[in-house]
Structure formats: structure tokens, C-alpha cells
Amino acid sequence: MKKKFLLITSLAWTTYFLNADWRGFRGTEGNGLSKGEIPATLSQTSKDSWKVPLPGRGLSSPIVVGDLLFVTASSGSQQSNLHVLAYETVNGNKVWERIFRATGRTICHNKTCVAASTMVSDGNVVVAQFSSNDIFCLDLKGNLIWLRGLTFDYPNIANGLGMSSSPVVAQGVLVSQVENDADSFTFGLNLKNGTTLWKKDRPRGANWTSPIVLKNKSFEWVGLQSKEGISFLKPVNGEFMWQYKDGASTIPSSAISFENKTLLVPSNGLTALRTPEYGQNPEQLWRNNKLAPGTGSPAISGDQVFVINRANVLTSASIKTGEINWRLRMKGPISGSPIVTSNLLFIFSEEGLCQIIDIKEESEAKVIREIDLKDTILCTPAADKGSIFVRSDRALWKLSKKNNL
Amino acid sequence: MFKYLFLLLFCILMHPVFCNDDLFDAIIKLGPKGSGNENLVKQWSSVEKMSSADIPSFFYIMNQANDLGDNWIRAAIFEIIEKSGGDSLPKEEIIKFIKDYNNEGSSRRSAFDFLSSAVPQIAESLIPTFIEDPEPSLRREGVQLLLNQAGDLENELQAIEAYEYALGKARDVDQIEYACKELKGLGKQIDLAQKMGFLTEWKVIGPFDNSSRNGFNIPYSPENTLDSINKKHEGKNGPVAWQTFSTSDRLGLLDLNQPFGHIKEVLCYAYAEFDSMQDQMVQFRIGSKNAWKLWINDELIFARDEYHRGATRVDQFILDGNLRKGKNRILVKVCQNEQTESWTKQWEFCFRITDLSGTKLQSLN
């Protein structure tokens with residue numbers, strides 16, 4: 001009996017370990033999928049849940065590395081104070097805070113703010129990027145490793161509405177898309193010391209999308225989306241390896257279903273392409289103009305892709321065929337992207353309503369629970385070890401179930 | 001023998017000082033586009049050996065560093081304080097540093113921020129002294145205190161007096177607007193455009209072609225002809241001449257649809273002269289939701305090729321530059337694009353000149 005208990009406990013911890021961390025925008029794989037389960041019984045009042053105040057505005061998502069949660073915020077009359085914060089996931093205690101000053105422009109549309117991009121981590125360091133295009137790389141203890149000011153370097157890298165692309169890390173390179181109407185670039189920065197490994201001229205035009213990482217056994221590429229389509233490059237030298245040029249959205253980002261070897265691009269609605277390979281041209285699997293995402297990006301679970309359109313309608317479609325499984329009108333408006341497990345989808349409305357949807361059946365879905373945080377939520381939530389983390393301009397929440405392991 | 005021992009002891013004792021020198025040197029030498037980053041990363045380990053006694057030195061180094069170096073220094077101070085505790089901050093030296101106007105405004109601001117975190121009561125006690133501060137962000141704190149005090153007054157005459165006093169000290173747009181709004185509510189009208197020093201009298205010429213947004217980079221004759229202001233030029237639809245254009249907008253906004261009509265894919269030039277009493281460093285403060293270029297005395301100060309990303313804002317772009325004693329020529333190129341949505345019809349800009357603390361400058365003429 002004791003052995004069985006130990007085995008179960010050990011398996012449970014192994015599962016948690018494997019599923020641990022949420023290291024970037026829409027998770028470590030950048031498709032909104034939490035591999036660990038999250039219970040529908042999340043509550044603000046359970047003993048493991050907490051809420052802590054934040055020192056500034058932000059719509060960046062939290063990320064989780066080990067037992068620490070990292071998030072950014074911006075404060076001050078010009079939002080020029082840039083905060084990088086670390087909290088213990090277990091109890092919400094602040095572990096450290098660093099406050100820097102913006103060296104680039106901080107003017108944004110009122111709805112967004114300077115802390116819009118989500119941090120990223122390789123497990124050893126965390127990188128925070130702000131709308132001012134200031135980038136800070138710190139170790140997990142808060143010690144600065146390096147910093148860059150991309151608008152300090154190139155004063156016309158700026159967007160009057162604000163910038164929000166979240167960087168990614170691949171093969172020791174930080175890939176940062178800073179694309180807008182004037183100077184429009186993507187940078188590959190050495191994660192060790194912040195030096196520029198390469199800089200690419202990019203299509204001119206405001207672009208709020210985030211890069212995605214395609215990782216398989218033989219290579220690791222980074223996909224850059226723009227109004228022209230999506231291109232994958234080698235992170236070490238910036239060499240373009242594969243390009244799809246049939247246009248794409250400049251707000252919602254693409255997602256990859258690694259299980260189905262399918263790249264889902266917000267292009268002409270939603271376009272499914274076979275995941276890029278060496279020496280291959282883009283191969284379209286299907287296209288459905290009724291699956292155009294609104295502001296949020298698609299999320300993927302099993303054979304289903306989920307999009308929320310501008311009218312706040314959540315749609316599930318088959319990743320294999322593009323056929324619509326079901327539609328469900330959500331309480332909106334909604335700015336953030338959904339996150340999913342194998343059987344549940346979580347989405348927050350701008351008014352702070354967390355809507356939990358049962359997605360087990362491909363034929364139908366229903367909202368099974370709502371949690372009202374009574375605050376403006378614009379971010380995409382993060383998930384780790386069965387809990388959800390979400391933030392507003394004022395606060396950071398952990399939502400757990402009772403007696404959470 | 002004794003000599004060598006002394007030398008060895010001297011080297012051991014002075015080693016941290018030299019380490020600091022290497023670090024400080026690396027911070028000061030930090031340049032744009034990542035230059036100096038690698039060297040600074042190598043020197044950074046010496047921060048671990050530093051104590052809170054080194055913090056004032058960091059603020060003095062901040063005086064010489066650029067904005068990126070300032071952020072490195074903030075990180076170093078955070079690390080030292082975390083190790084030594086907030087109480088260890090050498091408060092007296094920090095206060096002395098903040099009070100000394102010879103130090104850079106941004107360095108003084110950073111020193112104030114760290115003081116505020118460690119001993120908020122002491123930091124707050126300094127705020128009333130900031131109302132004339134040359135550093136705008138510190139001055140703002142002092143002005144906010146004045147505005148709050150004015151808001152607490154129940155006697156209308158006293159409140160008017162207090163708001164007028166605060167308005168006289170305010171330099172940030174939002175604080176100026178707030179004071180004016182409160183004064184309006186108390187029956188006092190303020191000429192905001194005059195108060196903030198907007199240039200409201202211009203000569204304009206246009207339209208010139210901006211099809212496919214190409215005109216932004218085409219140097220039409222008004223921008224490359226000597227004595228251009230006294231000449232006619234070839235416009236989009238034939239010869240065009242300079243015309244006088246002024247605005248009575250409360251925030252000095254020049255609506256270029258007025259002289260030229262609601263037309264698209266065009267651009268125009270606006271010209272003004274500013275008579276400065278001396279050679280001086282200034283800030284050119286321009287706001288526009290259209291693409292624009294700014295020249296002062298034929299020198300291109302900045303160019304921004306972006307259309308309709310948000311509204312035109314006062315002080316949207318704050319650009320450091322120089323005025324020379326006497327007449328200065330100001331030329332602005334303002335472009336309109338092809339978009340037809342209702343939120344893209346604006347073709348406009350506003351412009352003012354201030355000193356480095358944000359105080360308006362007015363032309364002598």
C-alpha cells in the first residue's frame with residue numbers, strides 16, 4: 001500500500017515536473033496549451049489562491065519558471081518607470097523588484113500601456129521587453145545580465161499606439177520583433193551578453209504579433225509574422241529558410257500544433273499549413289475564412305483549434321480539416337488569448353470575467369463556470385501546476401482549487 | 001623587503017577601487033547598438049564586492065553615463081541595497097546629491113527614487129523644495145503637491161490664488177490643463193496656447209504630391225531652395241505661394257485642412273521664425289498624427305514617417321536642439337496619406353519651444 005502510494009506520488013510529481021513552467025506568451029510552446037490539467041473548480045477564495053497589488057499598469061502575461069512568477073509593469077505620469085517583478089508562486093510573496101527607466105518612447109493608446117509584451121525565459125534567465133523597446137535580461141535572482149534600448153539605438157523604432165510583440169528565445173538567441181510604420185526590424189540578440197547577432201529589415205507597417213518557435217528533432221526555427229505572411233529563420237544567423245507570402249494578420253499571432261504537424265496562421269481567416277521543413281515550399285492543408293481571430297491568438301488542444309472573433313464568438317474547428325465543430329458566444333469584449341488543457345478552455349473578458357468552457361466533446365461545448373475578478377483584464381493568463389495566474393493594471397491573481405497539490 | 005610588502009598591501013587595499021574604476025569606465029563608455037555591452041558584462045561581477053558606501057559614487061557616474069548606463073547603475077544599486085538592506089543607504093550623501101543642481105536631473109531623480117523607497121518620510125519632506133526644480137520629473141512632484149493643496153482650500157479666492165501659483169510652476173501638459181480646468185470652474189479663464197507658448201502664426205505652402213506616401217522622402221523646392229520663403233514653388237497642381245495661417249485653438253493645433261481643403265495624398269510646408277535672445281540649448285516639442293519632418297536653420301532635427309497611429313498630442317515628440325541668437329528659421333513638412341477612414345482625416349500639427357526644464361520660450365519678435 002505504502003509502495004503504491006509512493007509510486008502514485010512520484011508519478012504525480014513527475015507529471016508536474018514535466019508540465020511545469022510557463023515560459024513565455026501563451027506558454028512555453030506558444031500555442032496556449034497547458035499540458036497539465038487545471039481543475040474547473042478554481043476559486044478566488046481557496047487557501048492556495050492569492051491576490052497581490054502591482055505597482056503599475058500592464059497587459060503583459062505572467063510567466064512561471066520553477067517556483068517563481070515573473071511579470072512586468074509600468075508606472076509614472078509618462079509610464080517611464082519599467083518594473084520587472086518576481087513572486088513566489090506558492091504564496092504571492094514578492095521576491096524582488098527592479099525598476100528601470102524607459103529610454104524609448106512611452107506614448108501609447110490609452111487602452112494599452114508600456115508593459116504590454118510578455119516576458120520570456122530559457123529557464124536560467126528572464127527577459128523583459130517593453131513598448132519603449134527597452135530589453136532587460138536578468139537572472140532568476142534579479143541580477144542584471146545585460147540590457148538594450150532598441151529605440152535608443154534606432155529612434156524611429158516606435159509605434160504611436162504602442163508596441164506589444166513578445167520576444168522568444170531559441171538556440172541561445174533572443175528574437176525580438178520591433179516592426180512598425182517607420183523603421184521596422186527584427187533583432188537576434190545574444191542571450192549571453194545582449195550583443196546583436198543579426199538585424200533584419202522587415203515589412204514596414206504596424207505589427208503587434210509575436211514570433212513563434214518551431215522546434216523538432218533536426219532544427220529549431222523562429223517564425224516571424226507580418227502583413228506579408230509568415231517567414232521562418234534560423235535563430236543563430238537570421239537566415240530565412242521558409243516563407244509563406246499570402247498575407248497575415250498584424251494582431252493575432254500564429255500557433256503550431258506539434259502533434260498534428262500543422263502551422264495555423266491568421267491569414268485570410270485561418271490558414272493551416274504543414275509545419276515548415278528544409279527545402280519545402282508552404283503546403284496549404286486548408287483555409288477557412290470563418291475562423292478569423294479577433295485580437296486574441298488561436299489556442300490548440302488535441303485536434304481542435306480555438307479562435308475568438310471580433311464579435312466574441314468562440315469557435316472550435318478541426319485542425320485536420322478546418323471544419324467548424326461548434327460556436328459559442330462569450331461574454332465580451334475580449335482582448336486576451338484563450339488558454340486550454342485537454343478538456344477545458346479558459347478565457348478572460350475585459351471586464352474581468354473568467355469563463356471556463358468544457359471542450360472535451362468535439363461536437364459541443366458549454367460554459368461550466370464563471371469567476372468574476374471585477375477588474376479590467378486584458379492579458380492572456382498563464383498556467384502552472386494546476387493553477388492560473390492573471391493580472392490587471394492593479395493586481396496579480398493566482399486562482400487555484402481547494403487543497404491544490 | 002619592507003618596500004615590497006608595502007607595495008603588496010597597497011595593491012590589495014586599492015584593488016576594489018581599481019575594480020570600481022574599470023566598472024565605472026565601462027558604464028560611461030557604453031554606446032548605442034550594443035557597443036560596450038560585452039565589456040560591461042565582463043566587469044559587472046565587481047558589483048558583488050561593493051557596499052552601500054559605493055552608492056553615491058554610482059550617482060556621480062550617472063552624471064556622465066547615457067540613458068542605458070543609467071539603467072545599469074540602477075540595477076547595480078538595487079543589487080547592493082538588496083544585499084546590504086535599505087537602511088544602509090547613505091541618506092545624508094544622497095540628499096546632498098539630490099539638492100545639488102550641478103548634478104544631472106535624471107541622476108537626481110534616480111537618487112530621489114531610491115531615497116523614497118528606503119525612507120519615504122525623508123523623501124516626502126524634500127518635495128516642497130522641487131517647485132522650481134530644473135528636472136521636470138522632480139518639479140512635477142512639487143507642483144502636484146501645490147495642486148493637491150489648492151484642491152483642499154474651501155475659500156474660492158484662496159483656491160484661485162493657489163491654483164494660479166501652481167499653474168505658474170507647472171510645466172507638464174496634464175498639470176497645466178488640470179490647473180486651467182479648476183480655474184475655469186472658479187470663473188478664471190486662462191489662455192492655454194499663450195500659457196504654453198505654442199507658435200500660432202505660420203506661413204504655409206502646398207499642396208505637394210504625396211501619392212503612395214512617397215512625398216515624405218521627396219525634397220520639394222521649399223526645403224532645398226535658398227530664400228525659399230520669398231519664392232513661388234511648383235505644387236501638385238501648379239504654382240503655389242506661401243500664405244499666412246494662424247490658429248486660435250486652445251492647444252495651438254494647426255488644422256491644415258483649413259488652408260488647403262480636405263485633400264488626401266498631399267503634403268505641405270509650414271514656416272515660422274523665432275527670435276532668440278541668446279544662443280541656447282532648447283527642446284523643440286512637436287505633436288502630429290501625420291508624417292512630418294522638422295528643420296531648424298536648415299538642419300534636419302527629426303523625421304517621423306507614420307500616419308494616424310493615435311491622436312495628435314501636445315509634446316508628442318520632445319527633441320533636443322539649439323537656437324542661435326537672433327532669427328531662427330523653423331520649417332515643418334507635414335504629410336497626409338491615402339487612408340479614407342473617418343479617423344484619418346486630420347492633417348495637423350502643434351509646435352512649441354521650451355528650455356530643458358520645460359519652461360516655454362517666446363520669440364522676441
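In chain B, B:D209 has B:V266 of strand β6 as its bridge partner. This is a predicted model, where local features need pLDDT of at least 70, side-chain atom pairs count only at pLDDT 80 or more, and totals for chains, interfaces and linings use all residues. Residues are numbered from 1 along each chain as its sequence is written, with chains lettered from A and ligands numbered from 1 in the order in which they are written. Strands (E, at least two residues) and helices (H or I, at least four) are DSSP runs numbered from the N terminus, and two strands pair if DSSP finds at least two bridges between them.

**The sheet in chain B**
- Strand β1 (residues 201–209) and strand β6 (residues 266–276) of chain B run antiparallel and are joined by 5 bridges.

**Hairpins in chain A**
- Strand β7 (residues 125–129) of chain A is largely enclosed by the rest of the structure, because 4 of its 5 residues are buried (20 or more other C-beta atoms, placed from the backbone, within 10 Å of a residue's own).
- β7(A) pairs with strand β6 (residues 120–121) of chain A in the antiparallel sense over 2 bridges, and A:S121 stands opposite A:V126.
- That hairpin of β6(A) and β7(A) has 3 residues between the strands, and A:G123 in the turn has a positive phi of about 100°.
- β7(A) also pairs with strand β8 (residues 134–139) of chain A, antiparallel over 5 bridges; here A:Q129 has A:I135 as its bridge partner.
- In the hairpin of β7(A) and β8(A), 4 residues lie between the strands, and A:N133 in the turn has a positive phi of about 65°.

**Domains of chain B**
- The domain assignment gives domain 1 (14–130), domain 2 (138–190) and domain 3 (196–354), with bounds from an automatic or database domain assignment.
- The centres of domain 1 and domain 2 of chain B, taken over C-alpha atoms, are separated by 34 Å.
- Their contact takes 6 residues from domain 1 and 5 residues from domain 2 of chain B (contact: C-beta atoms, placed from the backbone, within 7 Å).

Methods. Two residues are in contact if their C-beta atoms, placed from the backbone, lie within 7 Å. A residue is buried if 20 or more other C-beta atoms lie within 10 Å of its own, exposed if 12 or fewer, and partly exposed in between; C-beta atoms are placed from the backbone.
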